[in-house]
Amino acid sequence: MVREQPHLLHVFSTFVPAGPESRAVRLIEGAAHEFRHSIVALDGRTDASALLSGKYDVKLLAAPPRAGSLATLRRLRALLVEQKPSALLTYNWGAFDAVLAARSLRYGRVIHHEDGFNADEAVEFKARRVWARRLVLPRVHRVVVPSRKLEKIARDTWKLAPKQVLCVPNGIDLARFQPADGRPSLRHALGIPSRAPVIGWVGHLRLEKNPLRFLKAAARVDAELGAHFLILGDGAERAACEELAAKTPTLYGRTHFVGHQADPREHYRAMNVFCISSDTEQMPIALVEAMASALPVVTTDVGDVRAMLAPGQADWIVEIDQHETAWPLAEKLTALARDADARARLGRANREKALADYDFATMLDAHRTVWRAAVQG
């Protein structure tokens, strides 16, 4: 008799192509022979399903209609009773109603993931959310985080026992990424001169990623360099970014919005410098991809970014000041755009660190171990 695969139910606030969702797709497909999976996006958006290869049976379930917290809670309880998952996997505060629904059913096989904070908690935590996490998360099977900073927050602020919090750094299939080489064909298609420095930005275009800060810094990069700016991603801030690029003389005609790219490898290869301009991060997957592409990085000092990068990158990290951060970012972007030797040196060091520390197989093994323990628990 063939034993049925354990059923994992994944609940997201939204399932759009961003870091946690992209990681979940890769983990789901990496463990598809051992588990079957269903996904619920509470806002009904399932854009990230386009990242699924189609090789495996991953079900997209209809979201229960939202009608206030109590009604949503009741509908999520009904969903759990109907689906009878072997384990429930929830992602970030936006899916916390599902954690509460499981708790109300005395269902303990819950793995809750925390990947960071939205713009409303970039500077200060909301007390209600802190207390909710303190009260509920000690009763779930495990809380999984990707960064040491979040691990510390889970222990010190949410008061979770150390054994309950598991830090699993994000990993990617490093063998698929090659060192940046200018990618002449892509540059030609985008209208970028072959010798122009290309500064790249990758992420979901939302407030906490602060893509407008990147563009304000880009506008101040020495115009004599003739740099071009390549932006991968979609989101609520795209219209504002496109408007700024269109009306700023130093950006007009040199800023390229290419939207979300399911496979961004060729775009990384076309870059010379990678930039992070976020107000808050933990362990961005885009940074690992840039490092694997042997790119030097200019970044705000957020999350685990300083520890992730090669040691020589310390001078290229900018402290956040809400009013002045664009200027130091611009200075460092200009300096790297001018210095090919520094770019090559830092890029090699970043690639070596990525190869040593951020392999997908290691991440998959850690998550699969947690899934097995929850199912058996």
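Helix α7 is mostly covered, with six of its eight residues buried (buried means under 20% relative accessible area, exposed over 50%, and partly exposed in between, with a 1.4 Å probe and protein chains only). These buried residues are Pro211, Arg213, Phe214, Leu215, Ala217 and Ala218. Helices are DSSP runs of H or I of at least four residues, numbered from the N terminus. The model is predicted: local features need pLDDT of at least 70, side-chain atom pairs count only at pLDDT 80 or more, and totals for chains, interfaces and linings use all residues. Residues are numbered from 1 along each chain as its sequence is written, and side-chain values use heavy atoms, with hydrogens and water left out.

Helix α7 (residues 211-218) packs against helix α8 (residues 238-247) at an angle of about 10°, and their axes lie 9 Å apart. Axes are lines fitted to C-alpha atoms, for helices over the stretch in contact, and angles run from 0 to 180 degrees between N-to-C directions. The two helices α7 and α8 are therefore roughly parallel to each other (an angle under 35 degrees). Pro211, Leu212, Leu215 and Lys216 of α7 form the contact with Ala240, Cys241 and Leu244 of α8 (heavy atoms within 4.5 Å). The residues of this contact comprise six nonpolar, no polar and one charged.

Helix α12 (residues 326-338) and helix α13 (residues 340-357) pack at about 100°, with axes 5 Å apart. Helices α12 and α13 are therefore roughly perpendicular to each other (65 to 115 degrees). In this pair, Leu336, Ala337 and Arg338 of α12 meet Ala340, Ala342, Arg343 and Leu346 of α13. The contact residues of α12 with α13 divide into five nonpolar, no polar and two charged.

Notes
Angles under 35 degrees count as roughly parallel, over 145 as roughly antiparallel, 65 to 115 as roughly perpendicular and the rest as oblique. Ala, Val, Leu, Ile, Met, Phe, Trp, Tyr, Cys and Pro count as nonpolar, Asp, Glu, Lys and Arg as charged, and the others, Gly among them, as polar.
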